Amino acid sequence: MAGLWRSYQVLMSKYPWTVQIVTAGSLVGVGDVISQQLIERRGLAQHNVQRTAKMMSIGFFFVGPVVGSWYKVLDRLVVGGTKTAAMKKMLVDQLCFAPCFLGAFLCISGALNGLTVDENVAKLKRLWPPVQIANFYFIPLHHRLAVVQIVAVAWNSYLTWKANKM
């Protein structure tokens, strides 16, 4: 495990943008697999690989680039590594970015799955600010997207379950 982490660190230092995007897409895909296997209890024979690929593409082409870019902007907007700066980043993130991001994510996944606008709006109720406070206080900028995505595997599982629930 330590060797895998070292390899990840080397790749992150050489190709931060690419690694962040691949990490985001992969973890959104993991969220869908968890959703299908643990929440929906489909079993391997009934696993919808096309759905997982669709969710991964949302992660690769939307989640990774958008969240990674946002964290760079946020780091310029709120400078510093203090507890106060972390709190400010969390507030700006959760009050300004998260609602727009979640709305866009759910609209994209909903559009890809034919869900109604009402079903998409109902999915915007749950946010997780405590993780963001810790993320902005303890985690260096180039690792924030990965940390959020790791914590978000459960959230992604919930979102993909809701986004794909007909």
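How many salt bridges does the count come to? The count comes to 4 salt bridges, where a salt bridge is a side-chain nitrogen of Lys or Arg within 4 Å of a carboxyl oxygen of Asp or Glu. Before we meet some of them, here is the ground they stand on.

**About the model**

This is a predicted model, in which local features need pLDDT of at least 70 and side-chain atom pairs count only at pLDDT 80 or more, while totals for chains, interfaces and linings use all residues. Residues are numbered from 1 along each chain as its sequence is written, and side-chain values use heavy atoms, with hydrogens and water left out.

**The overall picture**

The chain has 7 helices and 0 strands, and reading along the sequence gives the pattern α-α-α-α-α-α-α. These elements are DSSP runs numbered from the N terminus: helices are H or I with at least four residues, and strands are E with at least two.

Of the 166 residues in the chain, 42% are buried. Buried means under 20% relative accessible area, exposed means over 50%, and partly exposed lies in between (1.4 Å probe, protein chains only). The chain exposes about 9000 Å², with carbon and sulfur atoms supplying 69% of that area; accessible areas come from the Shrake-Rupley method with a 1.4 Å probe, and for residues only the protein chains shown count as cover.

Among the contacts with a separation of 6 or more, 70% are between residues 24 or more positions apart. A contact here means heavy atoms within 4.5 Å.

| Pair | N to O distance |
|---|---|
| Arg51 and Asp32 | 2.7 Å |
| Arg51 and Glu40 | 2.7 Å |
| Lys89 and Asp75 | 2.8 Å |

Let us start with Arg51, which forms a salt bridge with Asp32. Arg51 lies in helix α3 and Asp32 in helix α2, so this pair ties together parts that are 19 residues apart in sequence. Both Arg51 and Asp32 are buried.

Arg51 also meets Glu40 in a salt bridge. Glu40 sits in the loop between α2 and α3, so its pairing with Arg51 in helix α3 ties together parts 11 residues apart in sequence. Arg51 counts as buried because its relative accessible area is 4%, whereas Glu40 counts as partly exposed because its value is 23%.

Lys89 and Asp75 form another of the bridges, and this pair links distant parts of the chain: Lys89 is in helix α4 and Asp75 in helix α3, 14 residues apart. Lys89 is buried at 1% relative accessible area, while Asp75 is partly exposed at 23%. Salt bridges that share partners also join Asp32, Glu40, Arg42 and Arg51 into one network.

In that loop between α2 and α3 you will also find Arg41. Phi of Arg41 is near 50°, a positive value in a residue other than glycine. Arg41 is exposed, with a relative accessible area of 68%.

Leu74 is found in helix α3 (residues 49-77) and is buried at 0% relative accessibility. Leaving aside residues up to four places away in sequence, Leu74 touches Lys89, Val92, Asp93 and Phe136.

About 280 Å³ of space lies in the largest pocket. Of the 13 residues lining this pocket, the closest to its centre are Leu4, Trp5, Tyr8, Thr23 and Ile150. The elements giving two or more residues to the lining are α1 (2-14), α2 (16-39) and α7 (141-164). A pocket is an open set of points on a 1 Å grid over the protein atoms alone, where a 1.4 Å probe fits, with protein on both sides within 12 Å along at least five of seven lines; lining residues have an atom within 4 Å of a point. Grid points are joined across faces, edges and corners, and the volume is the space filled by probe spheres set on them.

On the surface, Met87, Leu91 and Leu95 form a nonpolar patch with about 290 Å² of accessible area together. Such a patch is made of residues with over 30% relative accessible area and no salt bridge, its nonpolar side chains (Val, Leu, Ile, Met, Phe, Trp, Tyr) being joined within 5 Å; like charges are joined within 9 Å. Met87 lies in helix α4 (residues 83-113) and is partly exposed, at 36% relative accessible area.
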